[in-house]
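Take it topic by topic and find each residue as you go.

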Amino acid sequence: MDFAPSEEQREHREFVRRFAREAIRPVARRHDEEESTPWEVIKEARTWGLQGLEHMQRMGTDPGGQYGVITAEELHWGCAGIALAIQGSGLAAAGIAASGTPDQIAEWVPQCFGTDDEIALGAYAVTEPQAGSDVKSLRTTAKLDGDEWVLNGTKVFITNGGIADVHVVVATVDPELGHRGQASFVVGPGTPGLRQGKKESKIGIRASHTAEVILEDCRIPVENLLGGMDKLNRKLERARSGQKSGASNALATFEMTRPIVGASALGIAQAAYEWTLEYLSDQTVEGKPALDEQRIQQVLADVATEIDASRLLVQRAAWMGRNGIPMTGGQGSMSKLKAGDVTMWATTTLMDLVGPYAQTTDCPLEKWFRDAKIYQLFEDTAQVQRLVISRMQARMYQERFAAAAEIAKQAVNGSRQPVAA
């Protein structure tokens, strides 16, 4: 077990930090105030090799799974909203990669990013007004009509919703089967029947476009069903016969991305911590340097420790995911839960430490505080993450107890066998 980052990983972190400092931070406040999509920064990220298909492929071939979390943390150190605008298409691409056939992956994943000259965006549309964290309750429907699927429903809080070139939509084919009756569909650019609804005005990550996606008799070719008809029919047949199945496509996609979300949150916490250290280095308390005050030292020590502990959880989950190690104990959810909670706590605690100046828009802590909250809310709330972890932990220990009981039973039976003469 080696906790030391490689030289290549250290260089990559420094490279992304430089991009965040030079390309993101100078325009972060403007895009936050205007709630505008930072197209110029997204294109610059492509120039730096930090956005697009080649970047995604590099992240996917990293044997340790660390390049993705390093990139996410450093981009969010620059600005969470702009970072999400740069990386948001990756969730749609991940959904396609997780569920699609090789031909579908080859066709649609590149279209989530576009080209160097013409940037494209992807959107992953799951959440609905009555079904946030509960993907089993989705009401958006997909009905087969000849050689086309007809989609109807409304999605809410969708990153890049309505402005994306490629929308991956999770819809219900058979409502009676819950998540086992759902499937994922690709809606290509310019498809009639898909439109943007209300654009959300948010307290944080305001440079990331968030909107409703409305589907009204949206017709797509039958081949836009991710995984194909044969796979869907087998899945439905198993569900109707009562056979067990795995998690939904949506849940599987989120499980893959949770360490990235955790790393994203930590970028905010790290930025807030570093700025506070620098700010307090110029402050005095009763004529003494603020950083010499034991009360301040203890708070800063707690913040630094919590950030590092969270980062280790993120790194472990990313490594497990990349190496195909099942997260049976909820390790992916742990990484997101801990990082989100720590980031919200850290920004609040650091604001308390700085005092009244922290409430003003001149103080960057104010923005980091606003940005932090989303990481307790999206891709399952902190409360839902706790439910996921507790259920997975209970199931894991039940399986261990059952296995131990079986071993003990076999040992007892073996001891009762007659000894040969």
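Is Cys79 buried or exposed? At 2% relative accessibility, Cys79 counts as buried. Keep in mind that this is a predicted model.

**Cysteines**

- A disulfide is a covalent bond between the sulfur atoms of two cysteines.
- The count of disulfides here comes to zero.
- Cys79 is in no disulfide, and the nearest cysteine sulfur, which belongs to Cys363, is 15 Å away.
- To count as a disulfide, two cysteine sulfur atoms have to be within 2.5 Å.
- Cys218 has its closest cysteine sulfur in Cys112, but at 16 Å that is too far for a bond.
- Cys218 is also tucked away: its relative accessibility is 0%, so it counts as buried.

**Aromatic rings**

- Searching the whole structure turns up eight aromatic pairs.
- One of them is Trp275 with Tyr279: the ring centres are 5.0 Å apart and the planes sit at 15°, so this pair is stacked.
- You'll find both Trp275 and Tyr279 in helix 9 (residues 249-280), where they are four residues apart, about one turn of the helix.
- Trp275 and Tyr279 are both buried.
- Tyr279 also pairs with Tyr357: their ring centres are 5.6 Å apart and their planes are at 25°, so that pair is stacked too.
- What does the pair of Tyr279 and Tyr357 tie together? Tyr279 is in helix 9, while Tyr357 is in the loop between helix 11 (331-354) and helix 12 (364-372), so the pair links parts that are 78 residues apart in sequence.
- Tyr357 counts as partly exposed because its relative accessibility is 30%.
- Elsewhere, Phe15, Phe19 and Trp48 make up one aromatic cluster.

**Charges over a ring**

- Now look at Trp77: the charged end of Arg17 sits over its ring, 3.9 Å from the centre.
- Arg25 lies over the face of Trp77 as well, at 3.5 Å from the ring centre.

**The cavity**

- How many cavities of 30 Å³ or more are there? The count comes to one.
- The largest cavity holds about 50 Å³ of space.
- Its lining is made up of Arg13, Val69, Ile70, Glu73, Ala263, Leu266, Arg311, Val314 and Gln315.
- Three helices each give at least two residues to the lining of the largest cavity: helix 4 (66-78), helix 9 and helix 10 (294-322).
- Sort the lining residues of the largest cavity by type and you get five nonpolar, one polar and three charged.

- Most residues other than glycine have a negative phi.
- Asp217 isn't a glycine, yet it has a positive phi of about 50°.
- Asp217 is part of strand 7 (residues 210-221).
- With 52% relative accessibility, Asp217 counts as exposed.
- Glu286 isn't a glycine either, and it has a positive phi of about 55°.
- Where is Glu286 found? Look in the loop between strand 8 (284-285) and strand 9 (288-289).
- Glu286 counts as exposed, because its relative accessibility is 80%.

**Contacts along the chain**

- Lys43 has its place in helix 2 (residues 39-47).
- At 40% relative accessibility, Lys43 counts as partly exposed.
- Lys43 and Thr115 are 72 residues apart along the chain, and their C-alpha atoms are separated by 9.6 Å.
- Gly188 is in the loop between strand 5 (182-187) and strand 6 (194-199).
- Is Gly188 buried or exposed? Gly188 is buried, as its relative accessible area is 11%, and the cut-off for buried is under 20%.
- Gly188 and Asn224 are 36 residues apart along the chain, with 8.7 Å between their C-alpha atoms.

Conventions:
Residues numbered from 1 in each chain as written. Predicted model: local features only at pLDDT ≥ 70, side-chain atom pairs only at ≥ 80, totals over all residues. Heavy atoms only, no water. Buried < 20%, exposed > 50% of the residue type's maximum accessible area, 1.4 Å probe, protein only. Phe/Tyr/Trp six-rings, centres within 6.5 Å; stacked < 30°, edge-to-face > 60°. Lys NZ or Arg CZ within 6 Å of the ring centre and 35° of its normal. 1 Å grid on protein atoms, 1.4 Å probe; cavity = no way out; pocket = protein on both sides within 12 Å on 5 of 7 lines; lining within 4 Å. Points joined across faces, edges and corners; volume = space filled by probe spheres on them. Nonpolar A, V, L, I, M, F, W, Y, C, P; charged D, E, K, R; others polar.
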